[in-house]
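Subject: Handover of a structure and the findings from it

Dear colleague,

Please find below the structure that I am handing over to you.

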Amino acid sequence: MMKDDIAEVLFTQEQLAEIVKEMGKRISKDYEGKNLVMISVLKGSLIFMADLMRAVTIPCSIDFLSVSSYGSGTTTTGEVRILKDLDTSLEGKDLLVVEDILDSGVTLSFLLKNLSARHPESIRLCTLLDKPERRRVAITPDYVGAQVPDKFIVGYGLDYAEKYRNLPYIGVLKPEIYAG
């Protein structure tokens, strides 16, 4: 059972729902009357993005992008690659990049520079979780659901080797699962 691999639960399903609801309210207010495009950074942000877009009460469009800097490891390689690019033009649009976790900042820094070159009206960053202790690149999110400790966490879209994404909560993975 997956739950046996979890050392502790950081956020329950109910706590996550409340965090997302509050973020949706703030985003709806801030983007009222704008041309909002929510961009999900796959695969980790998929579940968060699905819940967040339902919590946003203004018209918006969505798109998806997939980048990689981790491979199958637990730390960034520092080399960022776009695996799946966006389907729509960003020129003149107000972008909200939706990410599951801001860790080193390497991937998101690369991504924000790349998106900025496409001439959007604005770009903001929304992350469910922020892990500032691990930051290697100066980057500050505009919307943060919660700060988390420097532990390996999974669930609600976050994975280890493509597993645990389907947990309805966020928990700390036992070190013996990924060490070795």
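A residue is called buried when its relative accessible area is under 20%, exposed when that value is over 50%, and partly exposed in between. By this definition, buried residues make up 46% of the 180 residues in the protein chain. Please keep in mind throughout that this is a predicted model.

**Overall architecture**

The protein chain contains 4 helices and 9 strands. Read from the N terminus, these elements follow the order β-α-β-α-β-β-β-α-β-β-β-β-α. The radius of gyration is 16 Å, close to the 16 Å given by the globule rule for 180 residues, so the chain is as compact as a globular protein of that length. The C-alpha trace spans about 50 × 35 × 25 Å along its principal axes.

Contacts between residues at least 6 apart in sequence were also examined, and 65% of them join residues at least 24 apart. The accessible surface of the protein chain amounts to about 9100 Å², and carbon and sulfur atoms account for 50% of that surface. The chain carries 22 positive and 26 negative charges, whose mean positions are 1 Å apart.

Met 23 is located in helix H1, which covers residues 13-30. With a relative accessible area of 7%, Met 23 is buried. Which residues is Met 23 in contact with, leaving aside its neighbours within four places in sequence? They are Phe 48, Leu 52, Cys 126, Thr 127, Tyr 143, Val 144 and Gly 145. For a sense of distance, Met 23 and Lys 34 are 11 residues apart in sequence, and their C-alpha atoms are 17 Å apart in space.

Helix H3 comprises residues 106-116, and its buried residues are Val 106, Thr 107, Leu 108, Ser 109, Leu 111, Leu 112 and Leu 115. What covers the buried residues of H3? The cover includes four strands: S2 (36-42), S3 (61-68), S5 (94-102) and S6 (122-130).

**Aromatic residues**

A search of the whole structure finds 3 aromatic pairs. In one of them, the ring centres of Phe 152 and Tyr 178 are 4.9 Å apart and the ring planes stand at 35°, so the pair is tilted. Phe 152 belongs to the loop between strand S7 (143-147) and strand S8 (153-154), whereas Tyr 178 belongs to helix H4 (residues 175-178), so the pair ties together parts that are 26 residues apart in sequence.

The two partners fall into separate accessibility classes. Phe 152 is buried because its relative accessible area is 16%, under the cut-off of 20%. Tyr 178 counts as partly exposed, at 27% relative accessibility. Together with Tyr 160, Phe 152 and Tyr 178 form one aromatic cluster.

**Backbone features**

Most residues other than glycine have a negative phi, and most peptide bonds are trans. Several positions in this model deserve mention against that background.

A cis peptide bond joins Leu 42 and Lys 43, with omega at about 0°. Lys 43 is placed in the loop between S2 and helix H2 (46-55).

His 119 is a residue other than glycine with a positive phi, near 60°. The loop between H3 and S6 holds His 119, and this residue is exposed, with a relative accessible area of 54%. Not counting residues up to four places away in sequence, His 119 touches Leu 90, Glu 91 and Gly 92. His 119 and Tyr 169 are 50 residues apart in sequence and, from C-alpha to C-alpha, 37 Å apart in space.

Glu 162 likewise has a positive phi, near 70°, in a residue other than glycine. Where is Glu 162 located? Glu 162 lies in the loop between S8 and strand S9 (170-173). Its relative accessible area is 46%, so Glu 162 is partly exposed.

Yours sincerely,

A colleague

Key: Residues are numbered from 1 along each chain as its sequence is written. This is a predicted model: local features need pLDDT of at least 70, side-chain atom pairs count only at pLDDT 80 or more; totals for chains, interfaces and linings use all residues. Side-chain values use heavy atoms; hydrogens and water are left out. Helices (H or I, at least four residues) and strands (E, at least two) are DSSP runs, numbered from the N terminus. The radius of gyration is taken over C-alpha atoms; the globule rule is 2.2 Å times the number of residues to the power 0.38. Buried means under 20% relative accessible area, exposed over 50%, partly exposed in between (1.4 Å probe, protein chains only). Contact means heavy atoms within 4.5 Å. Accessible areas come from the Shrake-Rupley method with a 1.4 Å probe; for residues, only the protein chains shown count as cover. Lys and Arg count as positive and Asp and Glu as negative; His and the chain ends are not counted. The place of a charge is taken as NZ of Lys, CZ of Arg, CG of Asp or CD of Glu. Rings of Phe, Tyr and Trp (its six-membered ring) pair if their centres lie within 6.5 Å; planes under 30 degrees apart count as stacked, over 60 as edge-to-face and the rest as tilted.
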